[in-house]
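Thanks for coming, everyone. Please bring the structure up on your screens, and we'll walk through it.

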Amino acid sequence: MPDNVDPMNPPEPLGKLQRSVTAMPPLAQMDQTRKPGQGSAVLQKIRSSQPRSSRIPDATFRVLIALTAVSVFVVVLLVVWELIDKSRLSLHQFGISFFYGHDWDPVNGNFGAMPFIYGTLVSSFLALLLSVPLSIGVAVYITEMCPIRLRAILSFLVELLAAIPSVIYGLWGIFVLAPLLREYVEPFLARTLGWTGFFTGPMYGLGMLAAGIIMAIMVVPVIASITREVMTAVPQNQREAVLALGATRWEMIRMGVLRNARIGIVGGIILGLGRALGETMAVTMVIGNRPEVAKSLFAPGYTMASVIANEFTEATGDLYLSALVEIGLALFIVTLIVNALARLLVWSITGGTPRASA
Amino acid sequence: MNRALRLFICIAVLATCAFAQTTLNGAGATFPYPIYSKWFNEYHNLHSDIQINYQSIGSGGGIRQVQAGTVDFGATDGPMSDEQISQSKVKVLHVPAVLGAVVPAYNIPGVNAEVKFTPDVLADIFLGKITSWNDARIAKANPGVNFPNQTITVVHRSDGSGTTYIFTDYLSKVSPDWQNVVGKGTSVKWPIGLGGKGNEGVAGSIRQLPGSVGYIELIYALQNKIPFGIVQNSSKNFIKASLDSTTAAAVGVKVPDDFRVSITNPPGKNAYPIASFTWLLVPTNPADAKKGKILKDFLFWMLDSGQGMVEALSYAPLPKEVMEKEKAAIAKMVKP
């Protein structure tokens with residue numbers, strides 16, 4: 001847990017305590033309420049016992065740490081530079097129309113990224129729609145309602161889902177999920193919700209819906225385990241306080257736990273979204289790989305990561321390769337925008353205090 | 001002391017072994033990878049000082065690497081275009097290695113017979129013009145078979161592949177519509193259908209989807225015992241793909257001196273029409289003369305003893321006359 005207390009300048013313990021009772025501070029501040037003076041006393045003792053020459057390793061350490069932080073920037077900049085440099089041909093040829101063009105024709109050299117951008121966003125959004133309620137439910141059960149003995153087993157099983165290679169999910173998708181969808185789920189959805197326009201057309205089993213479901217299963221362990229960790233970190237006295245005010249169990253979980261854990265939960269969802277946006281293998285095996293924008297979730301689609309993985313090895317023309325690299329650039333930009341939006345969401349939840357989300 | 005001496009001798013021997021060994025690196029097509037690795041392995045057993053490594057990174061990658069001169073040889077399922085040859089820093093010779101074929105596979109509920117496809121029917125199915133299995137044109141080619149009123153679902157490769165190149169090359173030759181609307185390539189803009197990744201993805205989707213049809217490599221179909229259809233060739237004979245009928249496809253074709261030739265829809269009476277060479281791309285004037293000599297020796301061996309090993313792995317061997325022509329061309333390569 002990050003400790004943002006300045007050791008040289010410990011805060012007034014009383015004031016902090018009062019604030020935490022009234023305002024329910026974010027988790028990062030919880031630690032401060034524990035004997036805040038102790039840290040600095042120990043530190044002073046250590047300092048007095050060390051010779052002054054310890055400043056040299058200290059400075060070295062500071063520089064090294066700063067370098068590791070800078071390396072992240074360097075890597076990101078290099079990636080962006082490479083993406084732009086290698087896609088120069090396609091950028092020059094198609095300009096901005098590449099990003100909204102619908103045509104993907106390697107034979108005649110026409111390239112547009114829209115169907116892939118659409119497919120990536122819709123399948124990832126669908127995955128979140130399905131996995132967020134499920135993973136929060138799992139986390140709530142594990143932390144709040146589960147018998148102790150079952151708790152370890154359940155957590156282990158959830159984390160096991162994350163360890164399965166995505167190609168296995170893909171195979172399972174082709175041979176188990178797709179027939180199931182085609183025979184039972186899709187006819188049912190078409191009958192009951194066909195009027196919405198999202199569930200019409202021929203039922204292949206393979207398609208956007210299958211991709212969303214597969215990704216939802218892959219994302220659940222990410223969101224569930226982070227949510228569980230965050231909820232476990234909520235102090236017991238928060239729960240007891242809410243219960244003491246006469247809250248029911250549901251109200252206790254909602255007001256005492258979920259409210260306090262919400263930033264961590266959103267963080268987990270962002271991580272899950274990151275996995276969904278970049279997922280390649282499992283998705284390409286079940287999505288149908290057809291570059292078109294269709295409203296129906298039964299229809300096949302295509303994602304940016306999939307088209308790169310599928311076509312890069314056999315792409316021969318310079319323009320074709322360049323267009324594939326530009327798809328990578330588009331994926332980078334989309335990820336950036338989605339993450340920025342998610343960050344804005346966190347800020348709006350925390351009441352416009354950007355520091356708290358860090 | 002004794003022990004240390006022994007250890008020293010061991011290391012010395014190992015080191016000289018490592019120094020004496022010449023390693024050649026190649027990269028390219030995935031389709032012939034099993035036979036190439038078998039050949040390189042056998043050749044290493046015969047000549048323990050020669051090690052040939054091959055990375056199956058795809059035809060596109062093979063062409064790019066050989067163009068840039070980063071590998072000693074490349075491999076491709078589709079011949080290099082004139083543009084690619086003019087861009088290449090290294091002058092290369094296309095050396096046909098083996099033959100492969102592509103077959104139509106399908107899943108039609110209630111039909112167990114081997115379905116016959118005429119070229120125009122095949123093209124129109126993949127163009128989306130024939131949409132149901134009980135279409136009159138399908139029935140006409142298959143007298144006695146009762147087709148259900150089932151929608152046709154087309155399954156194609158989603159990954160760029162030599163298989164797609166061969167199949168679309170064939171359709172471009174037999175159907176002007178296909179030539180105009182789609183064309184040929186390792187990836188094309190499919191008018192209809194779902195994409196499956198790899199032969200296994202296409203075959204898996206076909207097995208799962210009633211009414212589906214797709215194309216897979218002959219080898220994959222033979223090794224996995226997947227039933228496949230019969231295709232009418234240019235002599236109006238219905239030919240079932242086999243190793244013999246694939247080799248027959250290369251017999252009647254006039255092979256040019258640079259071996260860049262498409263043998264789809266060949267004239268032979270018993271030829272299976274959707275077949276192709278797969279090529280090794282060999283620099284004609286290698287920077288390293290010693291490696292060039294080794295490669296030359298290997299190519300002669302490949303066309304001699306090597307061809308005897310291909311059928312065991314379900315590849316079709318080259319016909320005699322093509323082999324002779326290749327030997328002459330390899331002999332003419334710049335002498336090291």
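Start at B:T247. Is this residue buried or exposed? B:T247 is buried, because 26 other C-beta atoms lie within 10 Å, and the cut-off for buried is 20 or more. Keep in mind that this is a predicted model. B:T247 sits in helix 11 of chain B, which covers residues 243–249. What does B:T247 touch beyond its neighbours within four places in sequence? The contacts are B:L99, B:A316, B:P317 and B:P319. For a sense of distance, take B:T22. B:T247 and B:T22 are 225 residues apart in sequence, and their C-alpha atoms are 34 Å apart in space.

Now the domains. The assignment for chain B gives domain 1 as 3–98 + 277–330, and domain 2 as 101–250. Their C-alpha centres lie 32 Å apart. The contact between them takes 16 residues from domain 1 of chain B and 14 residues from domain 2 of chain B. Which elements of domain 1 give two or more residues to that contact? Helix 3 (59–68) and strand 11 (275–283) of chain B. By type, the domain 1 side that touches domain 2 of chain B divides into nine nonpolar residues, five polar and two charged.

Stay with helix 3 of chain B. Nine of its 10 residues are buried, so call this helix mostly covered. The buried ones run B:S59, B:G60, B:G61, B:G62, B:I63, B:R64, B:Q65, B:V66 and B:Q67. What covers them? Among the covering elements of chain B are strand 1 (22–28), strand 3 (73–76) and helix 4 (82–87). Strand 4 (92–107), helix 7 (162–174) and strand 11 of chain B are also included. Just after helix 3 of chain B comes B:G69, with a positive phi of about 75°.

Three strands form an open sheet, order 5-9-10, with mixed pairing. Which strands stand at the edges? Strand 5 (116–117) and strand 10 (238–239) of chain B do. Each has a single partner strand, so one side of each is left without a neighbour in the sheet. Strand 5 of chain B runs parallel to strand 9 (residues 230–232) of chain B, and two bridges join them. One residue pair to click on: B:K116 has B:I230 in strand 9 of chain B as its bridge partner.

Last stop, the core. In soluble globular proteins, nonpolar side chains tend to be buried together. Here the largest nonpolar core has 168 residues. The residues with the most contacts inside this core are A:A210, A:I214, A:V286, B:V103 and B:Y272. Helix 9 of chain A (residues 208–233) gives the most to this core, with 18 residues. Where does the core lie relative to the two domains of chain B? Domain 1 and domain 2 of chain B both give residues, so the core lies between them. Zoom in on A:I214. Leaving out residues up to four places away in sequence, A:I214 touches A:Y169, A:G173, A:L177, A:A282, A:V283 and A:V286.

That's the tour.

Terms used. Residues numbered from 1 in each chain as written. Chains lettered and ligands numbered in written order. Predicted model: local features only at pLDDT ≥ 70, side-chain atom pairs only at ≥ 80, totals over all residues. Helix = DSSP H or I, 4+ residues; strand = E, 2+ residues; numbered from the N terminus. Buried ≥ 20, exposed ≤ 12 C-beta atoms within 10 Å, placed from the backbone. Contact = placed C-beta atoms within 7 Å. Domains from an automatic or database assignment. Nonpolar A, V, L, I, M, F, W, Y, C, P; charged D, E, K, R; others polar. Pairing = 2+ DSSP bridges. Core = buried A, V, L, I, M, F, W, Y, C linked by C-beta atoms within 7 Å.
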